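Here are some questions and answers to read alongside a protein model. Each answer works towards the value or name asked for.

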Amino acid sequence: MICFCRIDDRLIHGQVVTTWVNIKKIEQIIVVNDKVAEDKIQKNILNMAAPQGVKVHTFGVEKFADVYKTTPIKKRTMLLFTNSIDVDRVVELGVDIKELNIGGMRYQEGRKQLTKALSVTPEEEKAFHSLMDKGVDITIQMVPNDEAKNMREVM
């Protein structure tokens, strides 16, 4: 079962590993990203970064949607994305996501900063609006101890 969906452009790192995985009692992490799915080195790094006993799987967006439709997810699962465009695509392809946590999308040239940890391109902003229009509850929260901020407050 999907217990937690998160966007964090750093993917698996200290905060994710030590806090969210424990609090949500996550048994496996599924990274959904086309580039990562094709990068053997990054996949190995993600496997090494995961806490002991937590399995990591990596899929491209379309492949994950196909697998989701045919294979029930039985373990407590975190879906991990790098951007809102991929999340919107999997929802469009039939993946049931009701809540989405934003951990971080770093500022770079050409991105609009919405909060300290969240910056978006116009395409990513559009994808967030699309997700909210579909009824996805989106909160910005780096770690569980931080106060969750509703995405509608910053857009």
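Q: Is Tyr 68 buried, partly exposed or exposed?
A: This is a predicted model, in which local features need pLDDT of at least 70 and side-chain atom pairs count only at pLDDT 80 or more, while totals for chains, interfaces and linings use all residues. Residues are numbered from 1 along each chain as its sequence is written, and side-chain values use heavy atoms, with hydrogens and water left out. Buried means under 20% relative accessible area, exposed means over 50%, and partly exposed lies in between (1.4 Å probe, protein chains only). Tyr 68 has a relative accessible area of 25%, so the residue is partly exposed.

Q: With which residue in helix 4 does Tyr 68 form an aromatic pair?
A: Rings of Phe, Tyr and Trp (its six-membered ring) pair if their centres lie within 6.5 Å; planes under 30 degrees apart count as stacked, over 60 as edge-to-face and the rest as tilted. Helices (H or I, at least four residues) and strands (E, at least two) are DSSP runs, numbered from the N terminus. Both partners lie in helix 4 (residues 61-70), four residues apart, about one turn of the helix. The pair is tilted, at 6.1 Å centre to centre and 45 degrees between the planes, and the partner of Tyr 68 is Phe 64.

Q: Which residues form one aromatic cluster?
A: A search of the whole structure finds three aromatic pairs. In one of them, Phe 59 and Phe 64 are tilted, with 50 degrees between the planes and 6.0 Å centre to centre. Phe 59 counts as buried because its relative accessibility is 18%, and Phe 64 also counts as buried, at 1%. The cluster consists of Phe 59, Phe 64 and Tyr 68.

Q: Which residues does Ala 65 touch, not counting residues up to four places away in sequence?
A: Ala 65 is placed in helix 4, and at 1% relative accessibility it counts as buried. Its C-alpha atom is 6.2 Å from that of a residue 30 places away along the chain, Val 95. Contact means heavy atoms within 4.5 Å. On that basis, Ala 65 touches Leu 93 and Val 95.

Q: Which residue stands opposite Ile 2 in strand 4?
A: Strand 1 (residues 2-8) and strand 4 (residues 77-81) run parallel and are joined by five bridges. Opposite Ile 2 stands Thr 77.

Q: What is the bridge partner of Thr 139 in strand 9?
A: Strand 8 (residues 137-140) is joined to strand 5 by four bridges, and these two run parallel. Strand 8 and strand 9 run antiparallel, with two bridges between them. In strand 9, the partner of Thr 139 is Asn 150.

Q: Is Lys 25 buried or exposed?
A: Lys 25 is in the loop between helix 1 and strand 2, and its phi is near 55 degrees, a positive value in a residue other than glycine. Leu 11, in the loop between strand 1 and helix 1 (14-23), has a phi near 60 degrees and is buried, with a relative accessible area of 1%. Lys 25 has a relative accessible area of 59%, so the residue is exposed.

Q: What is the radius of gyration of the chain?
A: The chain has six helices and nine strands, and buried residues make up 48% of its 155 residues. The radius of gyration is taken over C-alpha atoms, and the globule rule is 2.2 Å times the number of residues to the power 0.38. For 155 residues, a compact globule would have a value near 15 Å, which agrees with that of the chain, 15 Å.

Technical notes
Two strands pair if DSSP finds at least two bridges between them.
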